[in-house]
Amino acid sequence: MILSSRKRVAVLRGGPSDEYNVSLKSGGNVLSLLRELSDIYDPIDIFISKDGEWHREGLVYEPHQALGHVDVVWNALHGSYGEDGQVQRVLEGLKIPFTGSGALSSAFAMNKVLAKDFYKKHGLLSPRHELVEKGDNHDQLIHIFRNYLLPVIIKPTSGGSSIGIMMAETFKELENAIRSSLNTYKQVLVEEFIKGKEATCAVVENFAEEKLYALPPVEIKVKGKSFFDFESKYSGKTKEICPGKFTSAEKAMIEDMSKKAHEILGLRHYSRSDFIITPKGNVYILETNSLPGLTEESLLPKSLKAINWHPRDFVDHVLKLTI
């Protein structure tokens with residue numbers, strides 16, 4: 001009997017987060033790319049339902065059963081459970097190699113307040129913020145109103161794909177946005193609004209003879225809105241320019257900050273950081289995504305295309321790093 005030398009790659013997708021549909025598309029794209037590499041990899045679709053059940057070939061299994069006889073896992077989950085350290089703890093416990101960052105680093109990156117603490121400690125410029133929790137927060141909202149120039153941004157402390165982000169231009173809007181957000185989330189972040197160009201920059205480990213390689217930054221132009229929310233991200237109406245129209249100094253700063261964020265958060269394999277660049281050329285880091293999306297609308301594939309790096313070859317590169 002001839003045994004196959006192909007690596008069995010389980011692709012995790014779906015999950016219980018608000019980014020379920022994005023994850024299905026990311027995972028579906030990875031499965032499709034792996035089929036183009038069928039001489040090297042044997043892809044296995046592992047679907048995780050919204051209520052957290054693991055499915056393989058239409059049957060429900062415990063995680064250790066679903067991942068039986070698997071060589072490596074591609075984590076295509078996004079948001080809570082998939083990106084905040086929970087599934088990473090499961091995979092680490094099973095001692096199965098997986099793409100993306102480990103449990104602790106994933107948790108750091110996912111929590112915007114903790115990530116901002118890391119940025120500040122290492123000299124990365126980030127917008128001022130206040131953490132607001134459930135309870136009597138009227139005095140805190142008064143403090144924000146008096147000490148922050150309106151508008152301000154309200155966002156969940158954990159989450160991705162710009163889900164749940166709102167802008168408040170008056171005290172009443174601030175109050176309503178906070179009340180609405182705290183009905184869904186335990187904590188929310190109120191952040192100063194920085195006006196400027198939006199950008200994102202992905203980094204990949206051990207590529208082109210660099211320990212940490214920055215892909216070309218993408219410039220994001222949102223039509224009719226002041227910021228890049230979930231609707232803008234996946235509506236197809238946003239203009240995403242890669243390489244973006246940045247000065248050489250801005251480009252160098254974006255790339256350097258992306259690499260530094262990846263390193264200080266302890267991330268692994270690849271990540272993507274988001275930025276605002278003011279008219280004066282000041283670069284603010286907003287957040288770092290430890291598992292950037294890989295859908296057709298996602299930003300990372302646009303950066304790959306800009307340097308003629310086929311997504312199929314990117315997937316192969318990341319799996320080689322993992323294995």
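The legends below describe close-up views of a predicted model. Local features are given where pLDDT is at least 70 and side-chain atom pairs where pLDDT is 80 or more, whereas totals for chains, interfaces and linings use all residues. Residues are numbered from 1 along each chain as its sequence is written, and side-chain values use heavy atoms, with hydrogens and water left out.

**View A. An open sheet of 5 strands is arranged in the order β4-β3-β2-β1-β5, with mixed pairing.** The edge strands, each pairing on one side only, are β4 (59-61) and β5 (72-75). Averaged over the sheet and with direction ignored, neighbouring strands are turned by 35° against each other. Strands here are DSSP runs of E with at least two residues, helices are runs of H or I with at least four residues, and both are numbered from the N terminus; two strands pair if DSSP finds at least two bridges between them. Between β1 and β5 the pairing is parallel and extends over 4 bridges, with Val9 standing opposite Val72 in β5. Strands of a sheet pair through backbone hydrogen bonds, either parallel or antiparallel.

View B. Contact means heavy atoms within 4.5 Å; axes are lines fitted to C-alpha atoms, for helices over the stretch in contact, and angles run from 0 to 180 degrees between N-to-C directions.

**View C. A salt bridge joins the side chains of Arg13 and Asp45, at 2.9 Å from N to O.** Because Arg13 lies in strand β1 (residues 7-14) and Asp45 in strand β2 (residues 41-48), the pair ties together parts that are 32 residues apart in sequence. Arg13 is buried, with a relative accessible area of 18%, while Asp45, at 28% relative accessibility, is partly exposed. The salt-bridge criterion is a side-chain nitrogen of Lys or Arg within 4 Å of a carboxyl oxygen of Asp or Glu, and the structure holds 14 salt bridges. For accessibility, buried means under 20% relative accessible area, exposed over 50%, and partly exposed in between (1.4 Å probe, protein chains only).

**View D. The hairpin of β10 and β11 has 2 residues between its strands.** Strand β10 (residues 197-207) and strand β11 (residues 210-214) pair in the antiparallel sense over 4 bridges, and Phe207 stands opposite Glu210 in β11. In the turn, Ala208 has a positive phi of about 50°.

View E. Lys197 is partly exposed at 27% relative accessibility, whereas Glu250 is buried at 9%.

**View F. Helices α4 (residues 103-110) and α5 (residues 112-121) pack at an angle of about 95°, with their axes 5 Å apart.** The two helices are therefore roughly perpendicular to each other, a term that covers angles of 65 to 115 degrees. In this contact, Phe108, Ala109 and Met110 in α4 meet Lys112, Leu114, Ala115 and Phe118 in α5. By class, the contact has 6 nonpolar, no polar and 1 charged residues, where Ala, Val, Leu, Ile, Met, Phe, Trp, Tyr, Cys and Pro count as nonpolar, Asp, Glu, Lys and Arg as charged, and the others, Gly among them, as polar.

**View G. Thr278 is found in the loop between β14 (270-277) and β15 (283-289).** Thr278 is buried, with a relative accessible area of 13%. Not counting residues up to four places away in sequence, Thr278 touches Ile194, Lys195, Gly196 and Tyr284.

Methods: Parallel < 35°, antiparallel > 145°, perpendicular 65-115°, else oblique.
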